[in-house]
Amino acid sequence: MDTNEDKRNPRPAEIPGLIHTDGTPIVDLLDEAFAPVPEGPQARRRTIGEIYTHKKASDEAGQLRSLSLQFGVPLMPELPTDHMSVEFTRKVPIQYLKRQKLVPVETPDAFLIAVNDPANFQAVDDLMRLLGRSDAEVVLAPEGAILSAISAAYDLGRDSAQEFIQIMNGDSADSIISEIEETADLLDDTSDAPIIKLVNLVLAQAIKDRASDIHIEPYASSLKIRYRIDGMLYNLLNLPRRIQSPLVSRIKIMAKLNIAEKRLPQDGRIEVKIGDKNVDIRVSVIPTAFGERVVLRLLDKSQSILTLADLGLDDAKIRQFDRLIKSPYGIVLVTGPTGSGKTTSLYAALSKINSPEINIITIEDPIEYQIEGIGQIQVNPKIDLTFATGLRSIVRQDPDVILVGEIRDRETAEIAIQSSLTGHLVFSTLHTNDAASAITRLIDMGIEPFLVASSVIAIVAQRLVRVLCPRCKEAYTPDAESLVDAGIPRSAVDGRPIYRRKGCNACMNTGYRGRTGIFEIMIMDEGVKRLILKTSDSNQINDEAVRSGMSTLVQDGARKVLEGVTTIEEVLRVTRVLNRSASVVLEDEAI
């Protein structure tokens, strides 16, 4: 240790009040932190936190509280990262900050350097010298908060898609494209390889923009990359056609697919870590006239499973749904088109009833979330593990609750019905436009109407509507035609603001940010059951359910419009096909 560092670093004996959180002196522990660095290429001085942990002195919160008092350094359990400057990301390598466990946090009000080890003065001095600052205030922060701040800063600070577009349209485009074409070894995992930088950029930008899918589409003279955000596709990049081959090859390598096979469809999976997010990516490659088309489905595994309240159900529907999922037996069907959130709703239901007292087994294609305490089976048609064969085996596993990812054929439907009639609660999905159409679909599959009436206890239809951006939504007076289409009486609008989208930076100028569900829950009461035995006409079944008190998709959407959650245009976009529902007007007392 040199003389200058000795002057700056106090010896343990010179620090007053050096104690554990339990009152025991810790001079002997800190001696190790100030001991000379051992020899060897990987040798380094252990941090105080590591010594604390090794000696089992206390947990991290206790360590930080004690060190804050002993070193006179303020403790910040959470770091202010909402409006932090990311200029430092261009000067300081991310690996250095993660290794030293420190991060500069510059806000309009202060310039802080958050550290996890208050004895690491040398790293703080080096960082201040590198940034050209001398006015930093050193604060203590948990390791997790520091690493999250580092990830957030470098995610915001990385080259954006807009910057990449400018590069691709500028003078340097040809040199970048030629670099990509000259990249011989795509397995070379250095960040300097242009094609790897391109793929990493596309994936990182997709996570940053909350995209659910990435579409890579080759055409005669261009390669188009689009993101699906909140259910809608947006153009990201238009690239030269000749980039398509190395780009697809790189993705195939990441997904462990056959890069030589370009004539047949292929499916694969990629697991990546971007910042503090673990992302599971499902890859689908199909051949087209102009080359292979790739769609990447992104699933953020770090997100928690939604609760029933998070889905967009109002209090009355939550109570109704809660009673259904606690039934001892029967079938609960969730219907809607692809991408309408059916699986998410079923996961929320399973999480609600998951407990050690019941045995829950699922068969899915694919398994989107792993849930602790639930047995989950992945469909694999290559070895004849289909929904039907898997379901037949599940019933021999003594289940209380069964989830069938989708009822696709008569065989699966029959086994599901038989399972419900023998004392199991069965959840499944169907692709139909509304709740009443699910009855017609089952009967069209060849299921007897009396079996449908006796086994199905409820059908939930749902759609996803985009949520208005809270920062830029604006109030307006809708025209009479829009109100009629949405089933909203003029009296409901008087004295109540209706909002429309506008667009700002927070919502990528779309006017929307996030999505929520609209629902109709058809309970199979005696009136509906008697009608099913007479007819499979979905219009008649729907009318009977409405008379029994069912709130339709359009009505639920109208309520969310009146609450300022979404717009009339969004509700009509997802329910336009349901003409019969639009004629049902909200009752004033129901608003």
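D230 forms a salt bridge (a side-chain nitrogen of Lys or Arg within 4 Å of a carboxyl oxygen of Asp or Glu) with R210, the closest N and O atoms lying 3.2 Å apart. D230 sits in the loop between β5 (222-229) and β6 (232-240), and R210 in the loop between α10 and β4 (213-218), so the pair ties together parts that are 20 residues apart in sequence. The model is a predicted one, in which local features need pLDDT of at least 70 and side-chain atom pairs count only at pLDDT 80 or more, whereas totals for chains, interfaces and linings use all residues. Residues are numbered from 1 along each chain as its sequence is written, and side-chain values use heavy atoms, with hydrogens and water left out.

The structure holds 23 salt bridges. Relative accessible area (1.4 Å probe, protein chains only) classes residues as buried under 20%, exposed over 50% and partly exposed in between. D230 is buried at 10%, while R210 is partly exposed at 30%.

| Pair | N–O distance |
|---|---|
| D322 and K326 | 3.3 Å |
| E411 and R392 | 2.6 Å |

E411 lies in helix α15 (residues 410-421) and R392 in helix α14 (residues 387-394), so this pair ties together parts that are 19 residues apart in sequence. Helices are DSSP runs of H or I with at least four residues, and strands are runs of E with at least two, numbered from the N terminus. D322 is buried at 18% relative accessibility, whereas K326 is exposed at 53%.
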